Amino acid sequence: MAATSISAANLKGGFGSSFQGSWGSSIMGEDHHALMAKSAVRVKVASKPARCQPVMKNVNEGKGLFAPIVVVTRNLIGKKPFNQLRGKAIALHSQVITEFCKSIGADAKQRQGLIRLAKKNGERLGFLA
């Protein structure tokens, strides 16, 4: 077997590349835009269908010890007054947590963690049903 060596001088023409011209003219030149215009598919779009607003539901709805009481109360007094009452109760509870954190010297991050924990516990117990 004979050993063959290939040098860059022997590959003056390259490996048969069909590339001619510079990168700028081949990628971003008029030929590219003409090709894109010819190959573009035009789709006629009808008017957009109406989108429904997402309904936010509690994943624990109907679950928890206090969920039945919460649901009955909401049905008795109405949804809007019930949500106002719930908002006031949540705000009051957050204030109590804030005052507690001030009294023990907890920082804002710990306070926020306690408020999140209170929300999770409220969901589990059914207060947010």
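Predicted model: local features only at pLDDT ≥ 70, side-chain atom pairs only at ≥ 80, totals over all residues.
1. Residues are numbered from 1 along each chain as its sequence is written, and side-chain values use heavy atoms, with hydrogens and water left out.

2. R74 is found in helix 3, residues 67-77 (helices being DSSP runs of H or I of at least four residues, numbered from the N terminus). R74 is buried, at a relative accessible area of 17% (buried is under 20% and exposed over 50%, with a 1.4 Å probe and protein chains only). A polar atom of the R74 side chain lies 2.9 Å from the backbone oxygen of A129.

3. R116 belongs to helix 5, residues 108-125, and counts as exposed because its relative accessibility is 55%. The C-alpha atoms of R116 and S94 are separated by 9.9 Å, although the two residues are 22 apart along the chain.

4. Just after helix 5, G126 takes a positive phi of about 100°.

5. The largest pocket has a volume of about 470 Å³ (on a 1 Å grid over the protein atoms alone, a pocket is an open set of points with protein on both sides within 12 Å along at least five of seven lines, and lining residues have an atom within 4 Å of a point; the volume is the space filled by probe spheres set on the points). Of its 16 lining residues, R86, A89, I90, F127 and L128 are the closest to the centre. Helix 4 gives the largest share of the lining, 7 residues.

Methods. Helix = DSSP H or I, 4+ residues; strand = E, 2+ residues; numbered from the N terminus. Polar contact = N/O pair within 3.5 Å; in protein donor to acceptor, adjacent residues only side chain to side chain. 1 Å grid on protein atoms, 1.4 Å probe; cavity = no way out; pocket = protein on both sides within 12 Å on 5 of 7 lines; lining within 4 Å.
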